[in-house]
Amino acid sequence: MVKHFPEIYSLLIALALNSCTSNHDLQSDDINYFGGGTDVFKVGEGKYKIISKTNLSPFENFPTARKMWADVAHKTCNSSNYTKEHTEEYTQTNVPTLFFNLYLTSIKSGYIVCTE
């Protein structure tokens, strides 16, 4: 096992770096096996529901979920002219273990209304 330590260590570093963020569009890009991405649903004239999820991680990562959410809101309204409504942040546990949670997904969801 010791002779494979560099490969295992490199794999763990790559997984840790990849666990932070995802610009995956969950509606058009198919499934993301790392868990992250964004969804946008039109719910009315100029009103959208946005959900952003970070990739699987051993820790909460709300700053990344917030940035993803804000980036999608900006892109959806084609500007930063929008108001936020009913936003929430929460963590989803994906692989519970006896002692701790190995994989968490940090999620921000809420509505925006585009203004001109």
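Lys67 and Asp71 form a salt bridge, with their closest N and O atoms 2.8 Å apart. A salt bridge here is a side-chain nitrogen of Lys or Arg within 4 Å of a carboxyl oxygen of Asp or Glu. Both residues sit in helix H2, 4 residues apart, which is about one turn of the helix. Keep in mind that this is a predicted model, where local features need pLDDT of at least 70 and side-chain atom pairs count only at pLDDT 80 or more, while totals for chains, interfaces and linings use all residues. Residues are numbered from 1 along each chain as its sequence is written, and side-chain values use heavy atoms, leaving out hydrogens and water.

**The overall plan**

- You'll find 2 helices and 4 strands in this protein. Helices (H or I, at least four residues) and strands (E, at least two) are DSSP runs, numbered from the N terminus.
- Follow the sequence along and you get the pattern α-β-β-α-β-β.
- The protein has 116 residues, and 30% of them count as buried. Buried means under 20% relative accessible area, exposed means over 50%, and partly exposed is in between (1.4 Å probe, protein chains only).
- The accessible surface comes to about 7,800 Å², and 58% of that belongs to carbon and sulfur atoms. These areas come from the Shrake-Rupley method with a 1.4 Å probe, and for residues only the protein chains shown count as cover.
- Take the contacts between residues at least 6 apart in sequence: 51% of them join residues at least 24 apart. Contact means heavy atoms within 4.5 Å.

**The sheet**

- The 4 strands make an open sheet in the order E1-E2-E4-E3, with antiparallel pairing. Two strands pair if DSSP finds at least two bridges between them.
- As a bit of background, strands of a sheet pair through backbone hydrogen bonds, either parallel or antiparallel.
- At the edges are strand E1 (37–44) and strand E3 (82–93), each of which pairs on one side only.
- From one strand to the next, the twist averages 15°.
- E2 and strand E4 (residues 104–114) pair in the antiparallel sense over 7 bridges. Lys47, for instance, has Val113 in E4 as its bridge partner.
- Helix H2 lies across E1, E2, E3 and E4, running at about 30° to E4. Axes are lines fitted to C-alpha atoms, for helices over the stretch in contact, and angles run from 0 to 180 degrees between N-to-C directions.

**The nonpolar core**

- The largest nonpolar core has 8 residues: Tyr48, Ile50, Trp69, Val72, Ala73, Cys77, Tyr82 and Ile112. A nonpolar core is a set of buried Ala, Val, Leu, Ile, Met, Phe, Trp, Tyr and Cys residues joined through side-chain atoms within 4.5 Å.
- Strand E2 (47–53) and helix H2 (62–77) each supply at least two residues of this core. H2 gives the most, with 4 residues.
- Cys77 touches Tyr82, Ile112 and Cys114, not counting residues up to four places away in sequence.

**Salt bridges, one by one**

- The structure holds 3 salt bridges.
- In the Lys67–Asp71 pair, Lys67 counts as exposed because its relative accessibility is 53%. Asp71 has a relative accessible area of 41%, so Asp71 is partly exposed.
- Glu85 and Lys47 meet through their side chains in another salt bridge (3.1 Å, N to O). This pair links distant parts of the chain, with Glu85 in strand E3 and Lys47 in strand E2, 38 residues apart.
- Glu85 counts as partly exposed because its relative accessible area is 25%, and Lys47 is also partly exposed, at 28%.
- Glu89 forms a salt bridge with Arg66, and here the closest N and O atoms are 2.6 Å apart. Again distant parts of the chain are linked: Glu89 is in strand E3 and Arg66 is in helix H2, 23 residues apart.
- Glu89 has 35% relative accessibility, so Glu89 counts as partly exposed.

**A closer look at Arg66**

- Is Arg66 buried, partly exposed or exposed? Arg66 is partly exposed, because its relative accessibility is 38%.
- Leaving aside neighbours within four places in sequence, Arg66 is in contact with Glu89 and Lys108.
- Arg66 and Ser106 are 40 residues apart in sequence, yet 9.4 Å apart in space, C-alpha to C-alpha.
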